[in-house]
Each structure stands twice: as C-alpha cells, then as structure tokens.
Amino acid sequence: MRNTYQTPVLDELDPTTGDLELEERHSLRRVAGLSTELTDVTEVEYRQLRLERVVLVGVWTEGSVEDADNSLTELAALAETAGSQVLEGLIQRRKQPDAATFIGRGKVDELRDVVVMTGADTVICDGELSPSQLRNLEQQVKVKVVDRTALILDIFAQHAKSREGKAQVELAQLQYLLPRLRGWGEAMSRQGGGAGGGAGGGGVGTRGPGETKLETDRRRINTRIAKLRREIKSMKTVRETKRSRRAASGVPAVAIAGYTNAGKSSLLNRLTQAGVLVEDALFATLDPTTRRTAAEDGRVFTLSDTVGFVRHLPHQIVEAFRSTLEEVAQADLVVHVVDGAHPDPEGQVSAVREVLGEVGADRLPELLVINKLDAADEETVLRLKRAWPDAIFVSARSGAGIPELHKAIADRLPRPAVELRLLVPYDRGDLVARVHRSGQVLQSRHLDDGTELLVRVDERLAADLAEFRS
C-alpha cells in the first residue's frame, strides 16, 4: 500500500474556515528526508514533532477483505495526519492476533525484510498492543513499534489547543503509558541474582537502579494523573454551569456528531459562519465549538461541534473526553454527519453510534446527514438513499442541500408546550423580542392597541405573559 494522501491546496485565505490556523499548523511540518533523530525546534507540549517513515501492519480476523483494506487505509490516513510518510502496508490473515508478536513469527520476518528494504524507522500496528507484544516486535524488527492507540493519542496531542483539551489528552496519554513502563529501559538493571531469599530471588540490597527508576516514574505519573483528574473535574463544573444557564434560558441545543473527517466543522461553518478550522485530516479539530443560530420561524438554538469518532476509539480517549462528550448527551437533537464519499459509510455510522451509546446519547433524536455529496459517486448515493430514506444529503463545500438541512433541524427542534393568544402593548417590545427568541410565533399582526400574537412558549414564559392574554 502506498502513500496516497494529497495536502489540500489553499487558493486564498478565508477567515471563516480557519485557514489562518491551518496555515500555521502546516508551517510546523518537518521537511521530508531530514534525519528523524534530530529534535525539531518547534515542539508541541506533549511530543516532539517529527516526520517518520513508517510501515503499516494489520491483522485481519473477521469481515471481508474490503473491511481489512479500509481499516489499513484509515490507519494510513491517521499516520499521515500525525506527520508520517507511509511507505508500505501488510495484512496478516489470522483467527486472532498472536499473543507474543501480534502478527506471528513468520510475518515478523517478512515485516523485518520490508523495513530493511524501504528504510523505514517505525512500524505502526492496526490494533492496541500489550507491553510484551511491543517489546517482542521491537526486538525482532529493530525499529520503533507504535500501535493504533498511541498513534491516535499522538494526533490528539498535536491538535488540542484549549486548556481543557490539553489536560484531557495528557490524562489519556499517561493512562496509556502507565502499564507499559515495565517494557522500557531494558539497558538498566532490574533485580540482582543470587541465592538469597529476598523478593524476586535476590538478596537484601539487590534492587538495581533500573527498577528504582521505574518505580519513581510510576509514582510521578500517578501523581500527575490525580492532579489532571482534579483539574478536569473543576473544568467540568464550569461547563455544567454554562450548560445549566443555556437550559434555563430555554434555548434548544443541537450537537453535531460524526466520524472524524466527515465534515462536521465545515457544516458548522456553513450553518453559522463560525470560522472553525477546516482541514482534510483526521481529528483536525478537538475542542468543541458552540454557536447560536436561528430557524426560519425565529426560534434561536445552539449548534455545537464535537470531537470526531473513529473505529476502536481508545477507551482512554473516551474516558478523558467524557465531560466534553457529555455535551452530546445533553443536547435536544444529534445531527449525525456521515462521509458519503467514504468506502464504508455504514461502518462509520455503526462506530459513531457505539461511542454515542457509551456516553448515553444513543436515546436522543438523531438526524442523519450524508455530507460530501459532490464527491460521492452516484451509485453510492442511491444505495445510501435506499438504506436511510429519512437522511438529508448535503455538500458543505458547495452548499447543496443546506436549506433542506436547516428546515429538517427546525422541524425536529423541541416545540414549546403552551399556546397563547396575546395582545402586547407597543411599549413592551422586550416581551415580543423574548417570544421570538425562545418561543414560536405562529401568527402576528399590528393593531391600534399593540401587537397581537399567536405563540407557543414554555411554561415559564407563559407565566410572565399571562397578563397580556387576549
């Protein structure tokens, strides 16, 4: 499998699509061909930005060969998003991954030959490896081995910008690293030998400096994890306060969820002119963005962009970002965006719904939106229309289908429960504005004594308007 990713060309800078931030991100890329042993002068807080030459390897245990190819293609996109150059990809057919080396002894020899032939310096495995699998593979292929979970965490570390996002990513990284400390630092001494009856077969005083270093690192990581959890908990309190204020105002909330790179940020920009960064890359935006907008009938609601999902999203990420993902669970409507040009959109929908179930958002009303209509082939579009007849088909790039999406969102917003006929004096225009903002105006006409309205509002606003009923 060869590198096929094409960097999007920016014809002009458009501040409404985050192009300024995108240009800054691209300027941090290392030039291909430089030694990967050098430390880049531009660093992200959680990693050193390096462009690596990688070979991908996956284990095909179930599904069709197309499923296996799609999984490895997605891994290639993840690697390229992290700043790596994909040289080759291998797939091993097994009933289950090998307990010792993930791919089996015979495939390890083939992998080593490919690494030597291509000059790769890293192997990325399409799965989460145990500490022993990582150690065994590195010993046999003689280059660094990274698994899918570490790769996704690395991308999150590059793209997190807010204080909360950075804390969530660091927590996930440390939780991933903690059980894998034992496989590192093999050059250091561990336990001394001997016939003594002490722990581990060694006598008193036989602990080597390597074991001490591991214990020190483990304590430091546990301390840091505890501190990060306290910080995220305090940030969660702030988020819940803002959420409760929005709920008290009666403004409905709509969450945009979906697979990574399905076009969620592009849709948010198209619907609200939010100016969120847009990039043809996985997990381009992590920090949630909320914007106010209005339906055609004047009802105000909020639209929130959320972190993208992916197959086998690491549980560390789900746990660390739980406070952010709970924004989806508290919404009145989930706009589920699907990449219509992807080889397996049905698989994307299943993966997203699985994560939504983990955060308790699977019981919310869902509006399925098939994006990238301009890039999808006609046969795929017809198949998806048969599979999801109620879905809305749009193109965030060209604007096709956006009016239909606006109407579909408005039709699914919760409607106020109390219907009133009012006569509001002209000197109480503030009440008319409040009805337009948080209620639904069914009829309106101007009379000599004031504005006559037929409205639907919530019970709280209905009580405030009781004296003006006609």
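Biologist: Is Asn371 buried or exposed, and what is its relative accessible area?

Modeller: This is a predicted model, in which local features need pLDDT of at least 70, side-chain atom pairs count only at pLDDT 80 or more, and totals for chains, interfaces and linings use all residues. Residues are numbered from 1 along each chain as its sequence is written, and side-chain values use heavy atoms, with hydrogens and water left out. Buried means under 20% relative accessible area, exposed over 50%, and partly exposed in between (1.4 Å probe, protein chains only). Asn371 is buried, at a relative accessible area of 2%.

Biologist: In which strand is Asn371?

Modeller: Contact means heavy atoms within 4.5 Å. Beyond its neighbours within four places in sequence, Asn371 is in contact with residues including Ala262, Val337, Asp339 and Ser395. Helices (H or I, at least four residues) and strands (E, at least two) are DSSP runs, numbered from the N terminus. The strand that holds Asn371, residues 366-371, is E11.

Biologist: What do the buried residues of helix H12 pack against?

Modeller: In H12 (residues 378-387), the buried residues are Thr380, Val381 and Leu384. They cover an arc of only 100° around the axis, so they lie on the same side of H12; the arc is that of the directions from the helix axis to the C-beta atoms. The face turned away from this buried side carries the exposed residues Glu378, Glu379 and Arg386. The packing partners of the buried residues are helix H11 (345-358), E11 and strand E12 (392-393).

Biologist: At what angle do helices H8 and H13 pack?

Modeller: Leu267, Arg270 and Leu271 in H8 meet Ile402, Leu405, His406 and Ile409 in H13. Axes are lines fitted to C-alpha atoms, for helices over the stretch in contact, and angles run from 0 to 180 degrees between N-to-C directions. The axes of H8 (residues 264-272) and H13 (residues 402-412) are 11 Å apart, and the angle is about 85°. H8 is therefore roughly perpendicular to H13, a label for angles of 65 to 115 degrees, where under 35 degrees is roughly parallel, over 145 roughly antiparallel and the rest oblique.

Biologist: What is the phi of Phe102?

Modeller: Most residues other than glycine have a negative phi. Phe102 lies in the loop between strand E4 (85-93) and helix H3 (105-118), and is buried, with a relative accessible area of 5%. Although Phe102 is not a glycine, its phi is positive, at about 75°.
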